[in-house]
Amino acid sequence: MEWFLVILDFLGKQVLNVPAYLVGIITAVGLLALRRPAGAVIGGALKAALGFLILGAGAGVVVASLTPLGGLILKVTGAQGVIPTNEVITALAAAQYGATSAYVLVVGFIVMLLLARFTPLKYVFLTGHHMVFMSMLLAVVLSVGFGPNLSWLVIVIGGGLLGVIMVVMPALAQPWTKRITGDDTIAIGHFGTLGYIAAGMAGQATGQRSKSTEHINFPQNLKFLRDSMVATALSMVMIYLVFAVWGLIALPTKEALAIFGSADGGAYIMAAFAQALQFGVGVAIILYGVRTILGELVPAFQGIAEKVVPGARPALDIPIVFPFAANAVLIGFLASFAGGLLSLGLLALWLGPVFGLALILPGMVPHFFTGGGAGVYGNATGGRIGAVVGGFVNGILITILPAILLLVLGQLGFANSTFGDADFGWFGTLIGVSLLSGSTVVGIVLTVLIGVVLVVGASIFQVRVVNKGWLPGAKHTAFIDEIEAEQRAAESERRAAAKAERAASSA
């Protein structure tokens, strides 16, 4: 039996928690189901894995670029509080709860496949690092709630809840995802999904007659901004330089220069400029990684859909939607950050003193990835206004929900750290509150009931809404189609006039 536990531990820690390996395995299974030659299976699996590694490399560049900016903002504004970071709290909790979370991860993956096979929720969650984060959250909350002597119960219930949330959230977001991608081939597997749904709904409510972010008409001398990589890098240069100059004014010179390890003011400014350009590089790498993954994974998933989990859709990380509205990513990021700043003010002036919520400082990384995704979802249903409002709503959610989760974790004995994205906030709080009675039996009943309600509710939504083909933002889409039809007509008239002019001149 010990050898079996060793194998499970190896799979949980060394394979299933590495997104690249997980995607490569899934791709290989799909290609095998399609009876592709061994060379095609190996090549496809490696290319899909490399695509995820490229995606991770791009994310690493973005994180490295945003980290000093976040520190600079905190220093010049003097804000104090908690920056919710999934990686940090997972690392802090790993020493005590790492083994338990690994077993939760393995059980959760099996439960997810079973639910995808035998329920209407045909989604396979492939964002491995978010699986790790959620398994750690569940391990922490359930271990503290049930006690250290019931680790088997934590693994069973935690694995079940992990499997549930991995098929439920892609299903609930699928109508909005389909509006973005134009088809049903992929889904979103990212635990910021509540923010994306809220952004899509906010866009639909506010931007029915708003033009798309991708239809921005730049002046002739600003045509270069149509290149999303250039526009992103230029925007970050402006943000970086504003705060860099502010830092030189507000901070002691030595302290300001230390942020970038610079020897003088000139080197300090150029270091900020270089970090901003690195951000643009990171975004470009991410987009290339996305295209590489889609090129291998989606065709391979036909095999899984046909043989292993009929009708399955891959649920992928949020950058998968970035290429569909690159301008909306930047707009959503900035709007989300603004929402985070507003929410920080509310926490400081009202929610903190009245309800005891901690200050949640806006972290640049979660606001970029979830805010950028929210911008894409808001744009899909509400154009430019939707991208702004959707990103702003997401910023509020990823500030208030982590504060509430931190309060619950504190009551459970695990304070001073919290998870960042929206789904960790509401799901962790819901599970945590269900365990506060102190009764193991009540905790078991409530946590199981939560899982059952989520599966049943999402299944009904899948059958009655998603499978029936409902798509949000119909009025906005009709408005966009009208604009594009007018543009095509105008272009046809222009070409006809040019042709007539040429005919007249030749005569």
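**Exercise 1. Classify Lys-75 by accessibility, then find its salt-bridge partner.**

Step 1. Lys-75 has a relative accessible area of 39%. Buried means under 20%, exposed over 50%, and partly exposed in between (1.4 Å probe, protein chains only). Lys-75 is therefore partly exposed.

Step 2. This is a predicted model: local features need pLDDT of at least 70, side-chain atom pairs count only at pLDDT 80 or more, and totals for chains, interfaces and linings use all residues. Side-chain values use heavy atoms, without hydrogens and water, and residues are numbered from 1 along each chain as its sequence is written.

Step 3. A salt bridge needs a side-chain nitrogen of Lys or Arg within 4 Å of a carboxyl oxygen of Asp or Glu. Lys-75 meets this with Glu-255, the closest N and O atoms being 3.5 Å apart.

Step 4. Lys-75 is in helix H3 (residues 38-77) and Glu-255 in helix H9 (residues 253-259), 180 residues apart. Helices (H or I, at least four residues) and strands (E, at least two) are DSSP runs, numbered from the N terminus. Glu-255 is partly exposed at 32%.

**Exercise 2. How many salt bridges does the whole structure hold? Describe the one between Asp-184 and Arg-313.**

Step 1. The search of the whole structure gives 2 salt bridges.

Step 2. Asp-184 and Arg-313 meet at 3.1 Å, N to O. The pair links distant parts of the chain, 129 residues apart. Asp-184 sits in the loop between helix H6 (151-181) and strand S2 (187-188). Arg-313 belongs to strand S3.

Step 3. Check the cover. Asp-184 is partly exposed, at 24%. Arg-313 is buried, at 11%.

**Exercise 3. Which kind of aromatic pair do Tyr-196 and Tyr-377 form?**

Step 1. Apply the cut-offs. Rings of Phe, Tyr and Trp (its six-membered ring) pair if their centres lie within 6.5 Å; planes under 30 degrees apart count as stacked, over 60 as edge-to-face and the rest as tilted. The structure has 14 aromatic pairs.

Step 2. For Tyr-196 and Tyr-377, the centres are 5.5 Å apart and the planes 15° apart, a stacked pair.

Step 3. Tyr-196 lies in helix H7 (residues 193-206) and Tyr-377 in helix H12 (residues 364-411), so the pair ties together parts 181 residues apart in sequence. Tyr-196 is buried at 0%. Tyr-377 is buried at 1%.

**Exercise 4. Classify the pair of Phe-322 and Phe-368, and name the cluster that holds them.**

Step 1. The ring centres of Phe-322 and Phe-368 are 6.0 Å apart, with planes at 80°, so the pair is edge-to-face.

Step 2. Phe-322 lies in the loop between strand S3 (313-316) and helix H11 (326-355), and Phe-368 in helix H12, so the pair joins parts 46 residues apart in sequence. Phe-322 is buried at 3%, and Phe-368 is buried at 2%.

Step 3. Ring pairs link Phe-279, Phe-322, Phe-333, Phe-368 and Phe-369 into a cluster.

**Exercise 5. Where does H11 bend, and which residue follows this helix?**

Step 1. The bend at a residue is the angle between axes fitted to the seven residues ending there and the seven starting there. H11 bends by about 55° at Leu-347.

Step 2. Gly-356 follows H11, with a positive phi near 75°.
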